[in-house]
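Keep the 3D view open as you read.

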Amino acid sequence: MFCCLKNCLNGVLPPQTVQIRREHDPIQLDTSHMGHEVVVIKGGQRACGSGGVIANTPLLQSKSYFEVKLQQGGQWSVGLATQQADLNESKGGFDKETWCLTSDNVVYHNAKPLHKLEPNLEAANGSIDTDPAALTKLDSNATSTLVNNSGIPQEGDTIGIAYDHVELNFYLNGTNLNVPVLNVRGTVFPCLFVDDGAILDIVLDNFSYSPPPGFERILIEQSLL
């Protein structure tokens, strides 16, 4: 557990201090709605430990988009959840209140597999996307100039989540995975689930990849009035 927390805190805390400063952005992971063994740091942007956490702002606008950076591998799930979700579970998508893409490369809702990601066979044979337009969208902190276009999320990748109250769609490094989820019910929030050393960062602005046409960052309720 200490090793996991050390990696989770890496680059967040200065030496010999335990002070954690809150980000100015009011939208962040909600420490009042998270599992008992989840750790949320980095101004409410990073989740590690074990269990789930939702953001503090629901998706009320017509077209919302956010990203999740897979900082460290392990067992993870990302997607949407209501406030009634069981956040002490280590995986999302296994109750009727969550809709999630998981590290098993399956999209789940209520413990039922809705889609299974299929690898891009061309990429699996060694083809890597080196298109300049794609490369310019890479996170400035990336250590590689190659974009994973295998169709299977890996450590270091960025998963985009787009929701328009009709479909929930997932993107891998800017490419639509074509696994649309329908019939998402209730007032939903971004959610992250972690276990087995996984570390996830939620990205709510300054995205690594452009949102789909018409989609934008999550707006707080006051901004919608």
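**A charged cluster and its surroundings**

Arg46 counts as buried because its relative accessibility is 7%. Please keep in mind throughout that this is a predicted model. Which side chain meets Arg46 in a salt bridge? The partner is Asp201, with a distance of 2.7 Å from N to O. That pair links distant parts of the chain, since Asp201 sits in strand E14 and Arg46 in strand E3, 155 residues apart.

Is Asp201 buried or exposed? Asp201 counts as buried because its relative accessible area is 4%. Lys42, in contrast, counts as partly exposed because its relative accessibility is 32%. Lys42 also has a backbone feature worth a look: a positive phi of about 55°, although Lys42 is not a glycine.

How many salt bridges does a search of the whole structure find? The answer is four. Another of them joins the side chains of Asp205 and Arg217, at 4.0 Å from N to O. Here Asp205 lies in the loop between E14 and strand E15 (216–217) and Arg217 in strand E15, so the pair ties together parts that are 12 residues apart in sequence. Asp205 counts as partly exposed because its relative accessibility is 36%, and Arg217 counts as partly exposed because its relative accessible area is 37%. Returning to the cluster we began with, salt bridges that share partners join Lys42, Arg46 and Asp201 into one network.

Asp201 also leads us to another acidic residue, Glu67, because the two are in contact, that is, they have heavy atoms within 4.5 Å. Glu67 is found in strand E4 (residues 64–72). Glu67 is buried yet has no salt bridge. The nearest side chain of opposite charge, Lys69, is 8.2 Å away, whereas a salt bridge needs a side-chain nitrogen of Lys or Arg within 4 Å of a carboxyl oxygen. What does lie by the side chain of Glu67 is the backbone nitrogen of Ser208, 2.9 Å from one of its polar atoms. Leaving aside residues up to four places away in sequence, Glu67 touches several residues, including Thr158, Ile159, Gly160, Phe207 and Tyr209.

E3 (residues 46–55) and E13 pair in the antiparallel sense over four bridges, with Val53 standing opposite Leu192. E13 also has strand E5 (residues 75–81) as an antiparallel partner, over seven bridges, and there Leu80 stands opposite Pro190. How many of the seven residues of E13 (residues 189–195) are buried? Seven are. Both faces are covered, with Phe189, Cys191, Phe193 and Asp195 on one side and Pro190, Leu192 and Val194 on the other.

Strand E7 (residues 106–109) is covered on both sides as well: Val106 and Tyr108 point one way, Val107 and His109 the other, and all are buried. Strand E6 (residues 98–102) and E7 pair in the antiparallel sense over three bridges, with Trp99 opposite His109. Three residues lie between the strands of this hairpin, where Asn105 takes a positive phi near 65°. E7 then pairs with strand E8 (residues 112–116), also antiparallel, over four bridges, and His109 stands opposite Lys112. The hairpin of E7 and E8 has two residues between its strands, and Asn110 in the turn has a positive phi of about 55°.

Now step back to the whole chain. The secondary structure comes to four helices and 15 strands. Buried residues make up 47% of the 225 residues. Among contacts between residues at least 6 apart in sequence, 63% join residues at least 24 apart. The chain exposes about 11,500 Å², and carbon and sulfur atoms supply 47% of that area.

Technical notes: Residues numbered from 1 in each chain as written. Predicted model: local features only at pLDDT ≥ 70, side-chain atom pairs only at ≥ 80, totals over all residues. Heavy atoms only, no water. Buried < 20%, exposed > 50% of the residue type's maximum accessible area, 1.4 Å probe, protein only. Pairing = 2+ DSSP bridges. Lys, Arg positive; Asp, Glu negative; His and termini not counted. Polar contact = N/O pair within 3.5 Å; in protein donor to acceptor, adjacent residues only side chain to side chain. Areas by Shrake-Rupley, 256 points an atom, 1.4 Å probe, with all protein chains shown as cover.
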